[in-house]
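Please look through the structure below before reading on. The report that follows moves from single residues to the wider picture.

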Amino acid sequence: MTSSNLRSPSLKLGQKQPFLLYGTAFKRERTAELTKSALESGFQGIDTANHPSAYREAFAGDGLSAAIDTGIKRETLFIQSKFTPIRGHDKDKIPFNPDQSIEGQIRESISQTLQHLKLDYLDALILHCPFEDDADNLVAWKVFETYVPGTIRHLGVSNISLPVLRQIYEEADVKPVIVQNRFFKGTGYDVDVRAFAREHGILYQTFGVLKNNQHLLASDLVASMAEKLSLEKELALYVLVLGLGDLQILDGTTNLDRMKNDLKTIADVTNDDKLLKDLAPSFDAFTSLLEKSI
């Protein structure tokens, strides 16, 4: 692994992305406060969803508006949300009318998202999970495409396997440029999905890095990296994951000091070419560790 692999990831259409994006899931009543704090701390974008079981999207909009009121420019931020098919919602928390066509569901949900976030455009809209019928993914995607590029700049998918990703990619006129998946042993750390994403210029976003990888946090390699960089193990794991290249981590910390420290640490490491060169053997060892863990 060389420093060129740990470069600021970019969307296929050319917009550079930060290494860390603030994740607003499961922040409940603190969503507005934490969203504002994250943006004021230096996060350059947020991830949310019109999915009441896990997100308070309107609260994220309140936090976003409050941050913008302090002088942060909307155009400097990357704001992404998600449309969640009926199957991904709790039955009593579906935000749109489920008794309408897929197109109607999507249009109602997107309208709600724009109202929640008080925006006239999104930087990205993500299909939160595939439909039960693969054909419906393509129906939904064609609806998504009608919003690009005016109301939605980019499209993406989440919680997706390689076969479904490949089908959508091959059939789409507007190609997905984001894949957001859980990074954990259960999917083999998405080796195949990440390879496809890299080959096709797709940004791979990962969530659940800390929560779902306690065995990695307990590894000698992470301990060694933490000692070498004088970091907490959690941040050392972030560095190693970013060392895989061409990806972005959703960081959902609720601690203000951690917000600032996470951003500063990742910036310090990724901007130091000599350090990255010295860390190359550790990045290679991490790839081997993942392979052995599968």
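Phe-196 is buried, because its relative accessibility is 7%. Buried means under 20% relative accessible area, exposed means over 50%, and partly exposed lies in between, using a 1.4 Å probe and protein chains only. This is a predicted model: local features need pLDDT of at least 70, side-chain atom pairs count only at pLDDT 80 or more, and totals for chains, interfaces and linings use all residues. Residues are numbered from 1 along each chain as its sequence is written, and side-chain values use heavy atoms, with hydrogens and water left out.

The structure holds 7 aromatic pairs. Tyr-169 and Phe-196 form one of them, an edge-to-face pair with 5.6 Å from centre to centre and 90° between the planes. The pair links distant parts of the chain. Tyr-169 sits in helix α5 (residues 162–171) and Phe-196 in helix α6, 27 residues apart. Helices (H or I, at least four residues) and strands (E, at least two) are DSSP runs, numbered from the N terminus. Rings of Phe, Tyr and Trp (its six-membered ring) pair if their centres lie within 6.5 Å; planes under 30 degrees apart count as stacked, over 60 as edge-to-face and the rest as tilted. Tyr-169 is also buried, because its relative accessible area is 9%.

## Charges over rings

A second case involves Arg-153, whose charged end sits over the ring of Tyr-121, 3.9 Å from its centre. A charge sits over a ring if NZ of Lys or CZ of Arg is within 6 Å of the ring centre and within 35 degrees of the ring normal.

Pro-176 is found in the loop between α5 and β6. Pro-176 is buried, because its relative accessibility is 1%. Its C-alpha atom is separated by 8.6 Å from that of Leu-165, 11 residues apart along the chain.

## An aromatic cluster

Which residues do ring pairs link into a cluster? They are Phe-83, Phe-96, Phe-131, Trp-141 and Phe-144. Trp-141 belongs to helix α4. Trp-141 counts as buried because its relative accessibility is 1%. Trp-141 and Leu-20 are 121 residues apart along the chain, and their C-alpha atoms are separated by 27 Å.

## Backbone exceptions

Most residues other than glycine have a negative phi, and most peptide bonds are trans. The peptide bond from Val-148 to Pro-149 is cis, with omega near 5°. Pro-149 lies in the loop between α4 (134–145) and β5 (152–158). Is Pro-149 buried or exposed? Pro-149 is exposed, because its relative accessible area is 58%. From Pro-149 to Gly-71 the C-alpha distance is 26 Å, and the two are 78 residues apart in sequence.

Tyr-189 is not a glycine, yet has a positive phi of about 55°. Its place is the loop between β6 (178–182) and α6 (191–199). Tyr-189 counts as buried because its relative accessibility is 0%. Asp-246, also not a glycine, has a positive phi near 55°. Asp-246 lies in the loop between α9 (233–242) and β8 (247–251). Asp-246 counts as buried because its relative accessibility is 18%.

## The largest pocket

The largest pocket has a volume of about 810 Å³. Of its 33 lining residues, the closest to the centre are Ala-25, Phe-26, Phe-207, Gly-208 and Lys-211. The elements that give two or more residues to the lining are β6, α9, β8 and α10 (256–270). Helix α9 gives the largest share, 3 residues. By class, the lining has 11 nonpolar, 12 polar and 10 charged residues.

On a 1 Å grid over the protein atoms alone, a pocket is an open set of points where a 1.4 Å probe fits, with protein on both sides within 12 Å along at least five of seven lines; lining residues have an atom within 4 Å of a point.

## The annotated span

For "domain: NADP-dependent oxidoreductase", an unreviewed UniProt entry lists residues 22–183. UniProt annotations may be inferred rather than shown by experiment. In the model, residues 22–183 are 38% helix and 18% strand, and the end C-alpha atoms of the span lie 16 Å apart.

Methods: Points joined across faces, edges and corners; volume = space filled by probe spheres on them. Nonpolar A, V, L, I, M, F, W, Y, C, P; charged D, E, K, R; others polar.
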